[in-house]
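Here are my notes on this one, as numbered points. Have the structure open while you read.

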Amino acid sequence: MINGISINYYLLLSTVLFIIGAVGVMARRNSIIIFMCIELMLNAVNLLLVAFSTLHSDANGQVFVFFIMAVAAAEVAVGLAILSMIYRNVKSIDTDLLSNLKN
Amino acid sequence: MLGYTITQWIFGILSFLSIMFGLMVVFSRNPVNSVLYLVLTFFCIAGHYLLLNAQFLAVVHIVVYAGAIMVLFLFVIMLMNLNQDSEPQKTWLTKIIAGVAGGMMLFVLVGSLKGSEQLGLNSYGSSQIGLVKNLGKVLFTEFLFPFEIASILLLAALVGSIMIGKKEIK
């Protein structure tokens, strides 16, 4: 229990948030929305890490979250640069049109 | 109030809001609306961090995500002129398959979490670990090397995104 809230509720909440992100990646065609869903999944994991770190009174989990945020920021910067470059060449960021590598 | 403490009420409301806004991110047609709903989701998650006594992470979360990353997203969407509702959608079959796959994943994960009540954790000691002082001590002693590596990673990402985003490389 953390402040009267069982850890199971945090497990459930972050599972649901992670699934929402995963469904978004599967169901949308816009590359930017797919990126945002990846951010949502990362945040679900972060929330669970913080919850367990508070449960154990262990600061390591929160430091991990800090590093995940740094990596996410780097990933978004590079990913959006790649996307804007693709848009400049193809004039679209639709994932179904960007399947040139397939054939 | 109905046998629940105020913390439990806040937890329930924040959870509901974050799940709702997360669903709106996926289901709204306009990418700009998606970004704004994602910002609201991040604020709800920051509220969860506050509830978990992780004050430093709550502030960093708001600054990094809502302040920097989402502005970057919004900027790119405006640059590509995507703020319209008429973007192509996947077929209904694909959407249904995605929904079923997500539902089954949820089923499996919740099923596997069911046995975790017997975890038997009972250490709820100090609530001071989320403060800047304690987190900074851990970060600059135990995790000093990863911290420096993270700075190199950010520098590499900076240089890399500028190189990729350049008009043409001669």
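1. A definition to start with: two residues are in contact if their C-beta atoms, placed from the backbone, lie within 7 Å. By that rule, five residues of domain 1 of chain B are in contact with five residues of domain 2 of chain B. On the domain 1 side, three of these are nonpolar, two polar and none charged (nonpolar: Ala, Val, Leu, Ile, Met, Phe, Trp, Tyr, Cys and Pro; charged: Asp, Glu, Lys and Arg; polar: the others, Gly among them).

2. Housekeeping: this is a predicted model, where local features need pLDDT of at least 70 and side-chain atom pairs count only at pLDDT 80 or more, while totals for chains, interfaces and linings use all residues. Residues are numbered from 1 along each chain as its sequence is written, and chains are lettered from A in the order in which they are written.

3. Chain B is split into domain 1 (1–85) and domain 2 (126–170), with bounds from an automatic or database domain assignment. Their C-alpha centres lie 23 Å apart.

4. Now the chain–chain contact: chain B puts in 73 residues and chain A 61. On the chain B side, α4(B) has the largest share, eleven residues (helices are DSSP runs of H or I, at least four residues, numbered from the N terminus). By class, that side has 46 nonpolar, 23 polar and four charged residues.

5. Leaving out residues up to four places away in sequence, L38(B) touches M36(A), E39(A), L40(A), V25(B) and M70(B).

Definitions and conventions
Helices (H or I, at least four residues) and strands (E, at least two) are DSSP runs, numbered from the N terminus.
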